[in-house]
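Hi,

Here's the structure I promised to pass on.

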Amino acid sequence: MRRLPFLFLAAALLLAEAAHADSPQRIVSAGGDITEIIYALGAGDRVIAVDSTSNHPSEAVSKEQIGYIRRLAAEGILSLQPDLLIAAHDAGPPAAVEQLRAAGLRVELAPKGNTPEGVLEKVRFVGKAIGLEAEGETLAQRVERDMAKALETAKGYTDTPRVIFVLSERDGAPLVAGAETSADAIIALAGASNAAEGFSGYKPMSQEAIIEAAPDVLLMMSQTVERLGGIDVMLSRPEFALTPAGQERRYVAMDGLLLLGFGPRAPEAVRSLATALRGG
Amino acid sequence: MSETSALPRHAAARFAGIPVFALLGAALLIVVFAELALGPVRLGPGDLLAVLLGEGEQGPSAILLQIRLPRAVLGLAVGFGLALSGCAMQGVLRNPLADPGLIGVTAGAAVGAVSVIVLGNYFVGDLPAPVRPYALPLGAFAGGLLVTAFVFSLSHLSGGTNVAMLILAGVAVNAIAGALIGAMVYISDDQQLRDLTFWSMGSIASGNWMQVSVTTMLALAAALGLLTMGRSLDLFQLGERAAFHAGIDIEREKWRIALMTAIAVGAVTAAAGPIGFIGLVAPHMARLIVGPAHRNVLPAAALIGGALILGADLAVRLAVPPTEPPIGLATSMIGGPFFLWLLMRRLKRGGF
């Protein structure tokens with residue numbers, strides 16, 4: 001009978017251990033959208049390190065930095081003694097992910113998703129992975145409601161502006177978003193159309209093709225606008241000066257992760273893009 | 001001889017009596033040990049011993065056996081392969097600036113690898129599943145072999161292999177390869193672009209035992225072959241005519257060297273990406289230490305090459321943990337300045 005307390009203690013410890021396995025305390029997060037979701041679930045204090053694409057919220061930036069998501073260093077991550085690596089679908093290289101699993105680290109790769117449903121899937125996935133399934137469900141429902149409202153707002157506009165998204169520039173030619181890109185998806189959700197047609201992915205587009213496409217609005221990430229010398233420089237470039245966008249000075253500059261991340265702020269992105277595209 | 005020897009004859013004598021190779025070997029062993037013992041994850045001597053005895057825990061065992069050991073083995077293969085290929089190239093072309101990159105072997109391998117990264121979507125899915133992870137190394141290996149065969153055949157058109165022709169054909173092949181890679185970059189999507197940018201900076205973190213052992217076997221077989229070429233390479237320094245009169249089948253020797261270089265460079269580039277400067281720098285360092293005779297330069301260059309690669313890998317692993325810069329940055333950072341210093345030295349001596 002004297003042993004009973006010890007048995008209880010052992011059982012309690014085992015349970016604690018089991019609970020711990022479901023609720024990781026030292027999380028390494030790779031992928032801006034994933035990190036945002038973890039913070040939105042209120043588990044930001046359990047994150048010990050993030051990748052270079054995780055720049056929101058600002059507290060995430062001060063965490064330990066593991067570098068670029070497709071260039072993870074297995075041993076570097078292990079040195080942080082994490083109990084979970086949760087990453088976007090494109091984390092790599094595969095060899096590093098394999099090595100991390102071999103070393104006994106739990107690795108969870110989120111589903112790919114740049115649709116409203118994809119966002120919800122990611123939220124539920126992350127909630128489950130970090131032991132906050134109920135909170136994940138709540139957040140998913142909130143995002144779903146907000147998204148419905150945002151889409152309603154977008155549908156409220158009767159016009160369909162033709163938008164061109166410039167990611168950056170390669171060898172002097174603007175790198176423009178074609179079909180099957182996050183930019184194309186968010187433009188459609190905001191009730192606008194992508195002026196760059198006939199190709200998929202991000203491609204350098206010739207000056208004449210841009211003039212031919214006649215976009216009404218130039219959309220860029222605010223970081224890129226800065227880097228390429230400000231919006232005036234961009235709008236006065238010949239390929240944009242000769243388009244409706246350049247002549248009426250219609251442009252939208254938004255934070256890259258907000259615009260393209262398809263994280264929990266996706267409804268906000270849809271709403272602000274839809275409004276901004278109409279000069280709001 | 002004067003073309004390839006960076007030091008006069010007395011250099012070798014300076015080390016007479018000192019077991020130079022024992023020192024080089026010891027240095028290499030120390031670097032290998034450091035590669036295994038040091039890293040972002042701190043493993044105590046107890047952990048290392050436990051793993052060696054097969055009693056380690058999962059974490060330390062995986063780190064040592066799945067991460068550090070394959071890196072060390074691959075690093076040695078890469079170092080040996082590149083250093084010996086560079087050494088043989090410099091010898092047979094009688095050109096101190098030659099390295100496998102010069103005649104386009106590396107560029108050919110790069111075209112193969114980049115093609116797989118960018119065009120892989122179209123055909124990799126059709127390959128049987130076990131082969132898929134090896135599509136990239138296979139592509140690189142095939143690219144390297146193809147270019148070597150092409151360049152050597154071209155230089156052979158005029159009868160005997162023409163060294164000037166070989167180098168010029170290499171320049172042309174490099175230009176064509178650059179254009180092909182440019183075309184791939186153009187049609188690549190965002191993610192492929194990043195993958196190929198990083199691939200082109202090299203890494204020995206591939207970490208897969210299957211790939212490491214295949215690469216190592218190919219590179220070591222070629223390396224052993226090249227190690228036996230010392231006498232031929234020495235005679236080549238007298239000029240091809242003299243070498244011929246000394247009883248060497250110069251055409252056969254050239255083809256043997258070309259084949260082994262292509263195998264070694266193709267295999268290591270396939271596994272680790274294009275790693276610059278080791279093929280150029282290691283032989284020069286070896287000559288500074290052991291003098292110009294190839295039977296000494298070859299093994300010394302191999303030992304130095306292995307130590308340089310592992311040293312560079314150790315540097316990138318320990319520099320900014322938990323991230324890891326590409327190893328190509330480190331080798332070029334060591335190799336570039338060394339090469340400049342070499343040029344300045346020759347300039348002062350009126351070597352050009």
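**Two helices side by side**

In chain A, helix α7 (residues 133-156) packs against helix α15 (residues 266-277) at an angle of about 10°, and their axes are 8 Å apart. Axes here are lines fitted to C-alpha atoms, for helices over the stretch in contact, with angles from 0 to 180 degrees between N-to-C directions. That makes α7(A) roughly parallel to α15(A) (angles under 35 degrees count as roughly parallel). Among the residues making the contact are Val143(A) and Met147(A) from α7(A), plus Val270(A) and Arg271(A) from α15(A); contact means C-beta atoms, placed from the backbone, within 7 Å.

By the way, this is a predicted model: local features need pLDDT of at least 70, side-chain atom pairs count only at pLDDT 80 or more, and totals for chains, interfaces and linings use all residues. Residues are numbered from 1 along each chain as its sequence is written, and chains are lettered from A and ligands numbered from 1 in the order written.

**Strands**

Strand β4 (residues 84-87) of chain A is covered on both faces: Leu84(A) and Ile86(A) on one side, Leu85(A) and Ala87(A) on the other, are all buried (20 or more other C-beta atoms within 10 Å of their own, C-beta atoms being placed from the backbone). β4(A) pairs in the parallel sense with strand β1 (residues 27-30) of chain A over four bridges, and Ala87(A) is the bridge partner of Ala30(A). Three bridges also join β4(A) to strand β5 (residues 107-109) of chain A, again running parallel, with Ala87(A) opposite Leu109(A). Pairing needs at least two DSSP bridges.

Cheers

Definitions and conventions:
Parallel < 35°, antiparallel > 145°, perpendicular 65-115°, else oblique. Contact = placed C-beta atoms within 7 Å. Buried ≥ 20, exposed ≤ 12 C-beta atoms within 10 Å, placed from the backbone.
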